[in-house]
Amino acid sequence: MCESRSAALTWILAILCISSITSAQKIASVKRWAGNSCGDLGEGFDTLRFNRPGALLPTTEGLLVCDEVNSKLRAIPWSWKDGDLSISLVGREGGADMLVGVAEGADGSYFFTDLGHQQVKRVNRGRITVVAGHKVPLEATPIVDRGIQASFRAPYGIALDAIMNIFVSDMLDHKIRRINRHNNVADYFAGSDSGFKDGSGSYAQFHNPMGLAMAQDTLFVADAGNHAIRAVNLLNAEVTTVAGNRVAGAADGGRETATFSTPVALAAID
């Protein structure tokens with residue numbers, strides 16, 4: 001059954017672009033770029049269908065789309081026109097179940113969060129491998145360990161720094177995890193219990209953190225449950241609030257007066 005969210009994918013629709021938040025600008029017009037209805041059939045310009053498209057990742061060749069309910073990572077070329085076909089880089093046949101986040105590594109490979117299997121995975125030249133995580137009950141306490149011995153409750157957003165440390169938002173555990181590139185240990189980087197508090201490392205609090213975006217030494221977080229955008233300094237794990245005040249709304253304004261309603265995805269522009 002198709003989800004109620006619109007199946008048509010539009011360029012930067014539902015994506016918050018942040019360089020510095022000083023004022024809000026409204027988009028004058030939006031047009032359909034890909035997708036014509038809800039479903040899983042068709043790969044062509046006029047036939048492509050999505051079922052709850054989520055995270056987007058622009059690449060040099062085109063746009064990667066997490067087609068969440070269809071459990072596919074789709075690649076759409078920038079030269080998208082009649083006669084072109086999209087490509088499914090990842091699907092259920094490759095062991096994926098609900099792709100919700102995607103990021104690119106410095107080596108050109110792609111990393112994604114497999115929410116259904118509670119894992120972080122990598123796809124490189126068509127080969128899919130598990131980076132970290134294994135299936136556990138949602139109420140289980142997450143495990144800090146190496147690779148598949150580690151566990152998450154609900155891995156959602158994903159981003160990589162310049163040296164390929166992987167950062168993952170564990171939505172139901174209200175924390176930001178870091179997978180160390182040297183030893184592959186998925187430890188805690190920021191966050192503690194559910195709440196709304198700035199601070200360093202475990203002194204900070206999130207509530208259902210979802211989308212992540214990296215800009216130099218700052219990790220931006222769509223803190224969905226707090227209706228806010230947060231920033232984490234990678235040098236000291238200091239968490240600050242960029243915009244939003246825990247009140248759901250759609251008001252334009254400055255850092256203290258702008259409001260959001262359950263932000264789930266974002267993009268950072270240097």
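**Rings, charges and burial in a predicted model**

Of the 270 residues in the protein chain, 51% are buried (under 20% relative accessible area; exposed is over 50%, partly exposed in between; 1.4 Å probe, protein chains only). The model is predicted: local features need pLDDT of at least 70, side-chain atom pairs count only at pLDDT 80 or more, and totals for chains, interfaces and linings use all residues. Residues are numbered from 1 along each chain as its sequence is written, and side-chain values use heavy atoms, without hydrogens and water.

Q: What makes phenylalanine 167 and phenylalanine 189 an aromatic pair, and why is the pair called edge-to-face?
A: Rings of Phe, Tyr and Trp (its six-membered ring) pair if their centres lie within 6.5 Å. Planes under 30 degrees apart count as stacked, over 60 as edge-to-face, the rest as tilted. Here the centres are 5.2 Å apart and the planes stand at 75°, so the pair is edge-to-face. The whole structure holds 1 aromatic pair.

Q: Where in the chain do the two phenylalanines of the pair sit?
A: Phenylalanine 167 is in strand 13 (residues 166-170) and phenylalanine 189 in strand 15 (residues 186-190), 22 residues apart. Strands are DSSP runs of E, at least two residues, numbered from the N terminus. Both phenylalanine 167 and phenylalanine 189 are buried.

Q: How do you know that lysine 175 lies over the face of tyrosine 188?
A: The charge must have NZ of Lys or CZ of Arg within 6 Å of the ring centre and within 35 degrees of the ring normal. Lysine 175 is at 5.4 Å from the ring centre of tyrosine 188 and counts as over its face.

Q: Which arginine lies over the face of tyrosine 188?
A: Arginine 177, at 4.7 Å from the ring centre.

Conventions. Helices (H or I, at least four residues) and strands (E, at least two) are DSSP runs, numbered from the N terminus.
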